[in-house]
Amino acid sequence: MPDVNPVYDKSDISLEREVVYRDSITSIQDVVETVRRWGIVVFPSYIKKDRLAKLNIEFDNLLVNRAKLGFTTDEYENITNIRLKQDELDSTTFSYIASFFNESFMSDVSQVYYGADNYRLNGEIFVSELTETQSKQTKPPFALHFDKRNVLKFFLYLTDTDERNGAMRALPGSNVRNRAAREDAMHRTALKDIENVLPEPLVPSMPICGPAGTLFIFDTDMCHGASFVKPGFTRRSMRGHTHSHEMLQAMDAEI
Ligand SMILES: O=C(O)CCC(=O)C(=O)O
Ligand SMILES: [Fe+2]
């Protein structure tokens with residue numbers, strides 16, 4: 001059983017699009033307040049076509065050359081996930097990725113979210129391609145879950161994304177109670193042993209859909225999980241992982 005009670009109070013959660021989607025970039029305060037309250041904020045078409053095209057070229061370069069580049073790569077269940085370390089990334093060859101994940105918008109958000117000097121901005125960048133999901137998946141990243149190790153994620157879709165090609169599903173508002181449950185579990189259990197998978201369909205969710213260039217910012221205490229990818233479809237994405245120093249220390253202590 002998960003460490004968290006799967007029955008959420010209706011007044012704590014919302015599946016209304018308007019609650020978390022924004023038509024244009026809003027203030028840092030709105031972003032931080034929305035992520036604190038609902039766990040996620042979504043900016044469809046955050047980046048424009050020309051910049052998106054450059055990011056896609058760098059994405060292809062990473063995928064093709066992944067064996068030579070020296071980063072850890074996970075390949076399973078039709079997922080290819082390259083785990084970039086920002087401080088080891090060649091910022092000349094991959095200049096668009098490096099500058100995207102260093103934007104002042106992201107550091108301004110992180111600074112207010114975690115407090116000045118209490119975070120590492122996008123220390124890891126995961127570059128992922130999902131193709132057809134072969135069989136029923138019952139584990140993260142597909143199963144609805146919260147992350148055992150809490151992170152603020154800057155998640156960018158490089159392809160138009162909906163439920164057919166793996167849109168991330170989310171339960172806005174579930175972060176508040178999950179956070180309490182996770183922090184409580186952290187005191188009793190090793191991080192790796194925290195029970196973090198939620199039962200579906202008892203726990204509902206909404207797909208986070210958007211055109212290529214959509215950015216969403218989410219706190220991984222919110223219930224989330226990828227949709228299955230249908231035959232012939234692909235999802236490409238990149239996400240920056242911004243940890244608090246406290247979480248980085250807890251992760252170091254694990255090793
Ligand atoms: O790929 C997805 O849609 C889910 C990813 C996930 O679980 C995460 O970023 O923590
Ligand atoms: Fe996750």
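Against which elements do the buried residues of α2 pack? In this predicted model, they pack against α1 (17–20), β1 (40–43), α6 (104–114) and β8 (215–219).

**Close-up 1. The buried residues of helix α2 (residues 28–38).** Val31, Thr34, Val35 and Trp38 are the buried residues of this helix. Viewed down the axis of α2, they fall within an arc of 95 degrees, so they line one face of the helix. An α-helix has 3.6 residues a turn, so residues three or four places apart point the same way. Just after α2, glycine 39 adopts a positive phi of about 90 degrees.

**Close-up 2. The shell around ligand 1.** Ligand 1 is surrounded by Pro140, Pro141, Asp147, Lys153, Met168, Thr220, His224, Gly225, Ala226 and Arg239. Strand β9 (residues 223–226) contributes the largest share of this shell, three residues. By residue class, the shell comprises four nonpolar, three polar and three charged residues.

**Close-up 3. Aspartate 160 in the loop between β5 (152–157) and β6 (168–171).** Aspartate 160 counts as partly exposed because it has 15 C-beta neighbours inside 10 Å, whereas a buried residue would require 20 or more and an exposed one 12 or fewer. When neighbours within four places in sequence are left aside, aspartate 160 is in contact with Pro211 and Ala212. Aspartate 160 and threonine 234 are separated by 74 residues in sequence and by 9.5 Å in space, C-alpha to C-alpha.

Key. Residues numbered from 1 in each chain as written. Chains lettered and ligands numbered in written order. Predicted model: local features only at pLDDT ≥ 70, side-chain atom pairs only at ≥ 80, totals over all residues. Near = placed C-beta within 6 Å. Helix = DSSP H or I, 4+ residues; strand = E, 2+ residues; numbered from the N terminus. Nonpolar A, V, L, I, M, F, W, Y, C, P; charged D, E, K, R; others polar. Arc of directions from axis to C-beta. Contact = placed C-beta atoms within 7 Å.
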